[in-house]
Amino acid sequence: RTTPLSFAAINTHHNKTPRALSFHEAESQCESVFRENGPYFHLCTPGGQMEILFEDKEDFRFAMNLVAFCAWQSEGVAVLTFEIMDNHLHVVMSGEKERLQAWFDLFKRRLQRYFVDKGVVKDLSGFVASLFPIDNLETLRNTLVYVNRNGYLADARHTPFSYPWGA
């Protein structure tokens, strides 16, 4: 996969100091990275009909670590950003749809085990993933903003940069 770090090599000519890219050049590189690293999806779970899942800092911390653990366990899956809300989850991811569903299934199984081990009864039957395809760079950008604003919308004391339960 192409990463932003590889752009330094693209933008250097004969070992000279890299020059700043024009807007057009930068957009072209972003489009190229988008095409090479997809497909992209917005995974979310329903919030309106779910009971509170994450009731305290311990629950939120577990969920934060679980996002990372499941990504580590899931080949071909990359998490771009996420927000854990008290009763639902938003994740922007790349990978084949079947792999992303497998990521979520692992997340849900581990989450259920966590609650059982904690002695808490939670009905996760309604905690299901919806995967919405992200077909272009503009939609990816808008979805990243939407997901990262969720913490602020839930608690206006936070900004998208200070909400502690997301990327």
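Is Trp103 buried or exposed? I looked it up, and Trp103 counts as buried, at 0% relative accessibility. My cut-offs: buried is under 20% relative accessible area, exposed is over 50%, and partly exposed is in between, with a 1.4 Å probe and protein chains only.

**Ground rules.** I am working on a predicted model, where local features need pLDDT of at least 70, side-chain atom pairs count only at pLDDT 80 or more, and totals for chains, interfaces and linings use all residues. I number residues from 1 along each chain as its sequence is written, and side-chain values use heavy atoms, with hydrogens and water left out.

**Rings.** I paired rings of Phe, Tyr and Trp (its six-membered ring) when their centres lie within 6.5 Å; planes under 30 degrees apart are stacked, over 60 edge-to-face, and the rest tilted. The count came to eight aromatic pairs. In one of them, the ring centres of Trp103 and Phe107 are 5.5 Å apart and the planes are at 20°, so I logged the pair as stacked. Both residues sit in helix α4, four residues apart, which is about one helical turn. Helices (H or I, at least four residues) and strands (E, at least two) are DSSP runs, numbered from the N terminus. Phe107 is buried too, at 0% relative accessibility. I then followed the ring pairs and found a cluster of Trp103, Phe104, Phe107 and Phe127.

I also checked for a charge over a ring (NZ of Lys or CZ of Arg within 6 Å of the ring centre and within 35 degrees of the ring normal). The charged end of Lys122 sits over the ring of Phe115, 5.5 Å from its centre.

**Cores.** I built nonpolar cores from buried Ala, Val, Leu, Ile, Met, Phe, Trp, Tyr and Cys residues joined through side-chain atoms within 4.5 Å. The largest has 31 residues, and those touching the most other members are Leu43, Ile84, Leu89, Trp103, Phe107, Leu111 and Phe127. Two or more residues come from each of β1, α3, β2 (78-84), β3 (89-94) and α4. Helix α4 gives the most, with eight residues. I took Leu111 for a contact list (heavy atoms within 4.5 Å). Leaving out residues up to four places away in sequence, Leu111 touches Phe54, Phe62, Leu66, Leu124 and Phe127. Another core, of seven residues, lies apart from the largest one; Phe34, Tyr40, Ile134 and Leu140 are among its members.

**Salt bridges.** How many salt bridges does a search of the whole structure find? I got four, taking a side-chain nitrogen of Lys or Arg within 4 Å of a carboxyl oxygen of Asp or Glu.

Arg141 and Glu27 form one of them, at 2.7 Å, N to O. Arg141 is in helix α5 (residues 137-154) and Glu27 in helix α2 (residues 23-37), so this pair ties together parts 114 residues apart in sequence. Arg141 is partly exposed, at 35% relative accessibility.

Next I looked at Lys118. Its side chain meets Asp56 at 3.4 Å, N to O. Asp56 lies in the loop between β1 (40-44) and α3 (57-73), and Lys118 in helix α4 (residues 97-118), so the pair joins parts 62 residues apart in sequence. Lys118 also meets Asp59, at 2.4 Å, N to O. Asp59 lies in helix α3, so here the parts tied together are 59 residues apart. I noted that Asp56, Asp59 and Lys118 are linked in a network of salt bridges.

Accessibility came last. Asp59 is buried, at 2%. Asp56 is partly exposed, at 32%. Lys118 is also partly exposed, at 30%.
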